[in-house]
Amino acid sequence: MSTLPKTFLTPEQYLEIERQAERKSEYFNGEMFAMAGAKEAHNLLVANLMGRLHEQLRSRPCRVYPSDMRVRLSATGLYTYPHVIAVCGQPRFLDDQKDTLLNPDLIVAVLSPSTEAYDRGRKFEQYKSLESLREYLLVASDRVHADLYARQTDGRWLLTSADRMEDSLALESVGAQLTLADLYEKVELPA
């Protein structure tokens with residue numbers, strides 16, 4: 001058993017390393033966590049989400065970012081890479097590098113069996129600290145299912161679920177509509 005002490009990084013040290021790294025890592029409480037690659041279904045879902053959102057938001061003052069855009073949660077210190085992010089209005093960044101977003105309106109996570117509990121639990125708890133965040137969409141990659149959490153004016157989160165291809169979800173935070181048939185287009189799910 002190793003008794004080597006852990007090395008803790010400051011956020012500044014993390015950003016210096018991360019901005020030169022070939023692979024992405026999240027950061028929390030002084031530690032970096034490498035991110036794994038994803039399977040085809042996961043990648044197709046992200047591509048479909050990006051395409052549908054871009055198509056609907058292109059003529060509006062909204063921006064859609066893929067998973068290479070880092071998000072910082074000031075209240076908790078988490079630096080993370082959501083699968084899809086949307087901002088309507090002026091995006092705010094950590095610094096002039098413009099690679100760390102501070103004010104997403106919508107965050108989308110494509111779930112895998114290994115990360116689902118974290119994305120639904122501890123990560124969502126931290127996302128709730130983002131004052132700008134109005135909606136959090138979770139899309140399953142192993143079955144047809146999506147959960148949309150929408151922040152209410154009193155601070156509570158309202159859950160809307162969809163699990164049929166003909167179902168659709170209204171993303172009021174960005175003024176978009178997504179059908180599950182569009183999201184799961186060409187996605188082969190396990191039997």
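Which residues are linked in a network of salt bridges? The network joins Glu116, Arg120, Asp142, Arg143 and Asp147, where a salt bridge is a side-chain nitrogen of Lys or Arg within 4 Å of a carboxyl oxygen of Asp or Glu. This is a predicted model, in which local features need pLDDT of at least 70 and side-chain atom pairs count only at pLDDT 80 or more, while totals for chains, interfaces and linings use all residues. Residues are numbered from 1 along each chain as its sequence is written, and side-chain values use heavy atoms, with hydrogens and water left out.

**Nonpolar cores**

- The largest nonpolar core holds 29 residues, and Leu49, Leu53, Leu137, Val139 and Leu171 are the members that touch the most others; such a core is a set of buried Ala, Val, Leu, Ile, Met, Phe, Trp, Tyr and Cys residues joined through side-chain atoms within 4.5 Å.
- Helix α2 (residues 40-57) supplies the largest share of this core, seven residues, with helices (H or I, at least four residues) and strands (E, at least two) taken as DSSP runs numbered from the N terminus.
- A second, separate core has 20 residues, among them Ile107, Leu133, Tyr136 and Trp157.
- Once neighbours within four places in sequence are left aside, the contacts of Leu137 (heavy atoms within 4.5 Å) include Leu49, Leu106, Ile107, Val108, Leu169 and Leu171.

**Salt bridges across the sequence**

- The count of salt bridges comes to 14 by this rule.
- Asp99 and Arg70 pair through their side chains in a salt bridge of 2.9 Å, N to O; because Asp99 lies in the loop between β6 (84-88) and β7 (100-101) and Arg70 in strand β4 (residues 70-73), the pair ties together parts that are 29 residues apart in sequence.
- Asp99 and Arg70 are both buried, a label given under 20% relative accessible area, with exposed over 50% and partly exposed in between (1.4 Å probe, protein chains only).
- Arg143 and Glu116 form a salt bridge whose closest N and O atoms are 3.4 Å apart, and since Arg143 is in the loop between β9 (135-140) and β10 (146-151) and Glu116 in helix α3 (residues 116-120), the pair ties together parts that are 27 residues apart in sequence.
- Arg143 is partly exposed at 32% relative accessibility, whereas Glu116 is buried at 16%.

**An exposed arginine**

- Arg156 forms a salt bridge with Asp154, with 2.7 Å between the closest N and O atoms.
- Arg156 is exposed, at 57% relative accessible area, while Asp154, at 48%, is partly exposed.
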